[in-house]
Amino acid sequence: MPEADELDDEEEMPLSLRLSIADTLTLGNATCGFMAVYFTTTGILIPHLTGSQENGMARHSAATAVILMLCAAVFDLFDGLVARKLRSSPMGAELDNLSDLISFGLAPAYFVLVYGMVADDAHQRMAALGAIVVLLAVVLRLARFSCVTMKDGVFQGMPSPFGALTVVSVVLLELPFVATLLAIVGTAWLMVSRVEYPKPRGRLAVAMLSWIVLSMGLLAAWAFDAPSGQLLLQTGCALQLVMGAVIPLFATARRVNNFRDNRREARAAQLP
């Protein structure tokens, strides 16, 4: 009957469109990424173009933009935990990828682009090229994540939240332009590499959350020109870069050790 069919359709549609708690957290991730772009534009780019830029305002806006990316990483961390504990809607995986693209692809790439426009020793076109490399690396990484099944507990390539925070840390360190560009391209390469990174679960998730909170504190100290705020920020950014470089080394060493152990077991099994 037509009326019965219409009622069935009304009952089925909300089930596929209903947002779960995890999906709401994912949308918070996307919102933070968009607002990071907003603060980068209104607080750094537009004042620079209009000639009304003040160092304090630019510093506050840069800190706010990066703090929003950190908040997006918190949302990204918790939406996966909540989805595993409770449930996720059929749109969960797609929403997560789209939100990650905004917060950890577009936002850091735009941050690099604006850096190339406002920094004294930067080259705008080369910075734009670096921004494109970051954006495409995140696009490729998210696409591969959707298509490739990895063993439980690891990611293939640097996770996009970690990569985004490493990219902005490189910019905030205020290194010479060539060194900054090379570090940004190297981070993008790590995101599309086959290096295995552990998933943030258990103690690692707590450690990651603690690091994010500490990074927010360092950014706030820098934004409000606290004593030694610049030094604290640079120390935090340097630690982020060190972790980005050291984790692949540990992952590679672990794979080599596992390979050796497997060979020893195979040899032992062949012995009479």
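Biologist: Which residues lie nearest the centre of the largest cavity?

Modeller: In this predicted model, a search of the whole structure finds one cavity of 30 Å³ or more. Its lining consists of 14 residues. Nearest the centre of the largest cavity are Ser169, Ser215, Leu219, Gly236 and Cys237.

Biologist: How many residues of the lining of the largest cavity are charged?

Modeller: Helix 3 (55–85), helix 6 (160–172), helix 8 (203–223) and helix 9 (229–270) each supply at least two residues of this lining. About 160 Å³ of space lies in the cavity. By class, the lining has ten nonpolar and four polar residues, and the number of charged residues is given as no charged.

Biologist: Which element gives the most to the lining of the largest pocket?

Modeller: The largest pocket has a volume of about 1000 Å³. Of its 38 lining residues, Asp76, Leu77, Phe155, Lys199 and Pro200 are the closest to the centre. Elements that give two or more residues include helix 2 (21–50), helix 4 (92–118) and strand 2 (196–198). With seven residues, the element that gives the most is helix 3.

Biologist: How many charged residues are in the lining of the largest pocket?

Modeller: The lining of the largest pocket holds 22 nonpolar residues and seven polar ones. The remaining class, charged, has nine.

Biologist: Are helix 4 and helix 5 roughly parallel or roughly antiparallel to each other?

Modeller: The axes of helix 4 and helix 5 are 7 Å apart, and the packing angle is about 170 degrees. Angles over 145 degrees count as roughly antiparallel. The relation of helix 4 to helix 5 is therefore roughly antiparallel.

Biologist: How many charged residues has the contact of helix 4 with helix 5?

Modeller: Helix 4 contributes residues including Asp100, Leu101, Phe104 and Leu113, while helix 5 contributes, among them, Ala131, Val134, Leu135 and Phe145. By class, this contact has 16 nonpolar and six polar residues, and the charged count is one.

Biologist: How far apart are the end C-alpha atoms of residues 163–192?

Modeller: An unreviewed UniProt entry places the feature "transmembrane region" at several spans, including residues 27–50 and 163–192. Residues 27–50 are 100% helix, with end C-alpha atoms 33 Å apart. Residues 163–192 are 87% helix and 0% strand, and their end C-alpha atoms have a separation of 10 Å.

Technical notes: Residues are numbered from 1 along each chain as its sequence is written. This is a predicted model: local features need pLDDT of at least 70, side-chain atom pairs count only at pLDDT 80 or more; totals for chains, interfaces and linings use all residues. Side-chain values use heavy atoms; hydrogens and water are left out. On a 1 Å grid over the protein atoms alone, a cavity is a set of points where a 1.4 Å probe fits but cannot get out, and a pocket is an open set with protein on both sides within 12 Å along at least five of seven lines; lining residues have an atom within 4 Å of a point. Grid points are joined across faces, edges and corners, and a volume is the space filled by probe spheres set on the points. Helices (H or I, at least four residues) and strands (E, at least two) are DSSP runs, numbered from the N terminus. Ala, Val, Leu, Ile, Met, Phe, Trp, Tyr, Cys and Pro count as nonpolar, Asp, Glu, Lys and Arg as charged, and the others, Gly among them, as polar. UniProt positions are given in the numbering used here, feature names are shortened, and annotations may be inferred rather than shown by experiment. Axes are lines fitted to C-alpha atoms, for helices over the stretch in contact, and angles run from 0 to 180 degrees between N-to-C directions. Angles under 35 degrees count as roughly parallel, over 145 as roughly antiparallel, 65 to 115 as roughly perpendicular and the rest as oblique. Contact means heavy atoms within 4.5 Å.
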